[in-house]
Every structure is written in C-alpha cells, then in structure tokens.
Amino acid sequence: MHPILTQLRRLVFYLLGWIPLAGMLTYLLAVTGGLTWWQAGAVAFPLCLLYAFVCLAAWYPCLATPLERSSVPRFLFTHVAGAVVASALWLLAARSLVRMLSGSREFRGIDARLSEDLPLLFGTGVLLYLLAVGFHYVLLAVEASRQAEARVMQAGLLARDAELRALKAQVNPHFLFNSLNSISALTSSDPPKAREMCILLGDFLRRTLGLGEKPSIPLAEEMSLVHAFLAVEKIRYGDRLQMEEAIDPAALNAEVPPLLLQPLVENAVVHGVANLVEGGWIRLAVERRDGLLEIAIENQFDPEAPRRRRNGVGLVNVRQRLEARYPGHASFQATAAGDRFRVAISLPIESEQAQALVNRVSLERTS
Amino acid sequence: MTLPEGHRIRTIIVDDEDLARQVLREFLSAHSEIEIVAECANGFEAVKSVTERKPDLVFLDIQMPKLDGFEVLELIGAGPAVIFVTAYDTFAIRAFEVHAVDYLLKPISAPRFEAALERAKERLSGKLPAPPLPALDLAAAARPPQQYLDRIPVRDGASVFIIPVAKLDYAEAQDDYVALASQGKKHLKQQTISSLETSLDPSRFLRIHRSYIVNLERVAKIEPYGKDSYVAVLSTGAQLPVSRAGHARLRAFLDR
C-alpha cells in the first residue's frame, strides 16, 4: 500500500503541496494560454487534483527501480516512459474536462483555445510526473532510514533485555561449588548439618530460579532471598560472617526489582568478609522516606587484599538495572573509606498503577 | 627430589575455609605415608609455614585472604610439589592445563584426589619428572585477559611484603633478579625484567632500557647525557639511563 494513502494526514499534506502547482498552472494557462484567470483556474485546479493522484502511481515504478541497484538506461527508460504515459492520460482528461465546460456560457470557445495549449500542457505533465518521481525516491529513502533506525532500536532493546535477564538469573558458580564442597565435608563429620545445608542451598536456588522472570517483588521477598543466601554462607564462613540488619517495617511491602539486595550482600561477603582472616560484619539498612526507598549496605574489607580473580559484576549489574528502570530517578553510590565499603541506593517507590504498567510492558517484551 | 624409603610425605593444607580443609584432611587420613605438618587459612601463613617447615607437598587454594594461591606459589618458589584446589576459575584451569599443573575442583571427588596424590608421589619419588613450577608464567597465564598486575608480593625470609604497583618507582634488572624501587627502599625478587614487563600495564610502565622499567608517573624530565644517550630524572630524584630505543618510546608516550 502506498505510504501516502495509508494515513489521512499524509494525504492532506500531499494535496496541500499541489496547491502552489495548480496556481502555477493557472498562471501559465492565463498568461501564455490566452484564457481568462477564471477559466484558467477552473481548468487547472481539477486537473491538478486529478494529476496528484495519477502521480502517486510513480511509487510503484520507483519501488521497482531502486536508485542504487538500477542501470542508468533502465532508470531513464522507466521514468520517461512513465512520464509520457501519465502526461498523455492527463491530456485526454483535460480534453474531456474542457469539452464538458465549453457547454456553459462563460467557457465558450475554451476547447479551441486549449487545443493550441496542448504541447504546453503535455510538457507540464511530464515535468510534474518527474517531480513526483523525485519526491517518491526521497520518500523511499526516508522510509528506509526510519525502518533501519527502528531495527537498530529494537535490536538494542532486545539485547539489553536479554542481558538484564541473564544478569538477573545468575548464580555465582564459585558460591555454588564451594557450598557443595562444604556439604561434602559435612557428610562425614556432621551428617545432620550436611542435610541442613543441602536444604538451605536448595531453598536459595529455588528462590532465585523464578525471580529472573518477575519484573518486581516485594522487599520482604528479596529479604528472604538474602536470608537464604546468608544461611548458606554462614555455614561456610562460621563466625567470620556477621550480619546486622535494620529494616524499616514500612518498607517491606515496597516493590523492588528482584535480585537488588542479594548481589550487594554477596559482594559484601566475597570482597569483604572472605578476605578478612578474622572475618567481619555486614550492615544492611533500609528505610522508606518521602516516596523513596533508601538502602545502605556497609561492610568491612581488607584494602590490601589480593584482587578477587572473579571481578564482581554484582555492583555494575545492580547500577545498570537501576538506571535502565528508573532513568534519572534512582541513585547509586559506592564508596570505600579506610576498611569500610559502603553502597547507598535510593529508588522511587512505585505506585501500584505504575507497577502494573511496568509489569505489563515487561510481559509484552518477554512474550 | 627423591624421597628416601620410609620417609613420610610432609604435607601442608592451605584453604581459608575450615570445611574445605576438613575434606582434604579426611581424604589424606587414609594414607599412612602422609604427615600433615600444618594447616593454613591465609596466604601469609602459608608462605611462613612453607618457609619454616619445608613440606614435600602443598594443597593450595586460590582465593584466600592476604595472598592468593598464585602469589603464594610465586613466593615459596621451587620447593614442594603443589596441588591447586579451586571451585571455579576458568582462566586458572586453562593455565593449569597448559602448564601440566595438578589441580582439584571443589567439590573434590575421591578418585580425582587419589589420582592427583599418586602423581604427586611419583614426582616426589623421581618416577615422574618434577620440573620446578613456572610460578610467574603460570600466574600470568591464569590472569584474566587485559588484566595487569596491581601489586607485587616480595619475600624477605618468612615475611611477605606487598608493593602496590602504583607505589613502584622503577625496576632494575640484576642478573636473575629484579630490584624493585618503592618508597625509598629496594626489594629484590627472583624474576627477569622481561617477565615483569609483560605483567605490568603498558600505559603506566615503560621499558626505557635493557635493564630498566620506569613508572611513567614518576618521570619528571629527560636530559641528554653524552652523545646519543639520555637520563630520565624521576620525581624521587633517581636518575635512570635511557637507551636510544627507550628514548624513542618515552618521547612517543610523552608527546601523546
């Protein structure tokens, strides 16, 4: 379907564009064709209206003769032939119109005068058609670039979605294999404890499994994920790992992106406690204030520890997800001072309506 | 190294997690020829223990407080047979394969453990060739791509000293050693200057001479010195010779 005919708005603009052309034709007919202004206008405007539609047909030869892939002779032949045919048809229409008009008194003799103007009219028709050809090539180019842009944007969106989903669903293999090794140790020294750890690890894995799909979960659910994670780590690290929490009860039902806190706690364990010979603490504080959720997580660390070989994607991941989801409305700050590392996050608490919208959009994207 | 008949294999277990050490202890307890002489929970302890107790065999975890397993290996040098233990580290595992280094994956399987122990014993008794572990090459191969050294551990007797590369002024080749100048002191380390050069970030450190690598942030000025040669004057006041090729590289860098 022709792009101009698919939208009424475009058609109106296109036809408005023909008004000056009709004006010019009126001028030609009146000044060189010997018609009165009134006669010239009465002939030119209907003819131009008709020709506007005839010229839309140039779309198809243009589509079939792409500029960059057609030989010059073929290009010239197609469009010149098109112009001649279109203009000839136009002349026939012009003659019928004039014959009809010449019946009335004001237009008497117009047919004789116009037959002298036929070459002029034919030339104008050819030029106007070629103008339409040029216009259609511009239209094609615009359409192509718009499509390319849309494709790039779509690809970018899909890539980011996929990336975010992959990042969200990630269970640190180091954590998994070390935990299994601890279970293996406990099976002979403390079988009940080995069983307990199996169950805790299973609980944690089960909770993370479904989360990648959900756009958001209540903070309380995220906290139970954090607790499941810490329960496993507590067996591995024993007294070396100390966790302190101060969670505002009013914040527990706020909706947050899943796996917002757990990666931060994991980061605090891996880069903090795990590097300290005597262990250390992690402090997590969450407050609800003025429509914002304010989260602070602080841990001790050894500034002279060897660089962790698996460089944490945890922090970067959380920051990127916050930026993507709340552009300009969330903040993320990570600071190290002495032997303390602190991450402070604030994000808007979404209203239920906004929440439903986010859910719907991401469902649509997944499907 | 050849073990005399009836000699017990003196073994050290290094891992920061108690439960991980426990698995190894349990597996080892089935072998009467093994004597566990120490267990260490961090890198410093490991270097100290190995230096003092001179074990035949070390089980070495990679991620630990203070020093990682590669740094420990670098500092204990070519003494004991080493079996690395790791949970998940794709780069390290590739390096172990390339350099034919024994390693175990957590959770540790008993058959794999036995096989690794058997191989270690053959090396110790001389049935298998026991080339000294190329600690620095191994560490370099195990480093994730595009990652350079951020610190250099050096050893003085049983104690360990860490030089963050930001505090390294320059390095000077001295036979099989490099002298590392940092904060007014010089530390000797057994390493070739070329090997050190490849582990340092080329945008921060430059080989200005056959025997010198300089920290570019420390270069205050370059002065001509005789015909065709130059000296680099550092902000610390030290003066280092610059070869002609080194001068070209230095100029290219400073003009950028």
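**A walk through chains A and B**

The side chains of Glu298(A) and Arg340(A) form a salt bridge, with N and O 3.9 Å apart. This pair ties together distant parts of the chain. Glu298(A) lies in strand E5 of chain A, Arg340(A) lies in strand E7 of chain A, and 42 residues separate them. The model is predicted. Over all chains, a search of the whole structure finds 29 salt bridges.

Stay with Arg340(A). This residue is also the bridge partner of Ala337(A). Here strand E6 (residues 331–337) meets strand E7 (residues 340–348), both of chain A. The two run antiparallel and are joined by seven bridges. Another of the pairings sets Gln333(A) against Ala344(A) in E7(A). E6(A) and E7(A) make a hairpin with two residues between the strands. In that hairpin, Gly338(A) takes a positive phi near 60°.

Now step back to the sheet around this hairpin. Strands of a sheet pair through backbone hydrogen bonds, in either the parallel or the antiparallel sense. The sheet in chain A is open, has five strands and shows mixed pairing. Its order is E2-E4-E5-E7-E6. Strand E2 (241–247) and E6 of chain A are the edge strands, and each pairs on one side only. On average, neighbouring strands are turned by 10° against each other, direction ignored.

Chain A also holds a backbone feature worth a look. Asp290(A) is not a glycine, yet its phi is positive, at about 50°. Look for Asp290(A) in the loop between strand E4 (280–289) and strand E5 (292–300) of chain A.

Turn next to chain B. Three of its strands form an open sheet in the order E13-E14-E15, with antiparallel pairing. Strand E13 (219–224) and strand E15 (239–242) of chain B are at the edges. Each has a single partner strand, so one side of each is left without a neighbour in the sheet. The twist from one strand to the next averages 25°. E13(B) pairs with strand E14 (residues 230–234) of chain B over five bridges, in the antiparallel sense. Pro224(B) stands opposite Tyr230(B) in E14(B).

The peptide bond from Lys106(B) to Pro107(B) is cis, with omega near -5°. Pro107(B) sits in the loop between strand E5 (103–105) and helix H5 (110–124) of chain B.

How do the chains meet? The contact takes 33 residues from chain B and 29 residues from chain A. About 2,600 Å² is buried between chain B and chain A. Carbon and sulfur atoms give 48% of that area. Three residues stand out on the chain B side: Glu17(B), Leu19(B) and Gln63(B). They supply 25% of the area that chain B buries against chain A, more than any other three residues.

Charged pairs cross the contact too. Four salt bridges are counted between chain B and chain A. One of them joins Arg240(A) to Asp16(B), with the closest N and O atoms 3.6 Å apart. Between chain B and chain A there are also nine residue pairs in polar contact, both residues at pLDDT 80 or more.

Which helices of chain B supply the side that touches chain A? Helix H1 (18–29), helix H3 (69–76) and helix H4 (90–98) each supply at least two residues. H1(B) gives the most, with five residues. By class, the side of chain B that touches chain A has 18 nonpolar, four polar and 11 charged residues.

Note on methods: Residues are numbered from 1 along each chain as its sequence is written. Chains are lettered from A and ligands numbered from 1 in the order in which they are written. This is a predicted model: local features need pLDDT of at least 70, side-chain atom pairs count only at pLDDT 80 or more; totals for chains, interfaces and linings use all residues. Side-chain values use heavy atoms; hydrogens and water are left out. Contact means heavy atoms within 4.5 Å. Buried area is the accessible area (1.4 Å probe) that two parts lose on being put together, summed over both. A polar contact is a pair of N or O atoms within 3.5 Å; within protein, one must be able to donate a hydrogen and the other to accept it, and residues adjacent in sequence count only if both atoms are side-chain atoms. Helices (H or I, at least four residues) and strands (E, at least two) are DSSP runs, numbered from the N terminus. Ala, Val, Leu, Ile, Met, Phe, Trp, Tyr, Cys and Pro count as nonpolar, Asp, Glu, Lys and Arg as charged, and the others, Gly among them, as polar. Two strands pair if DSSP finds at least two bridges between them. Axes are lines fitted to C-alpha atoms, for helices over the stretch in contact, and angles run from 0 to 180 degrees between N-to-C directions.
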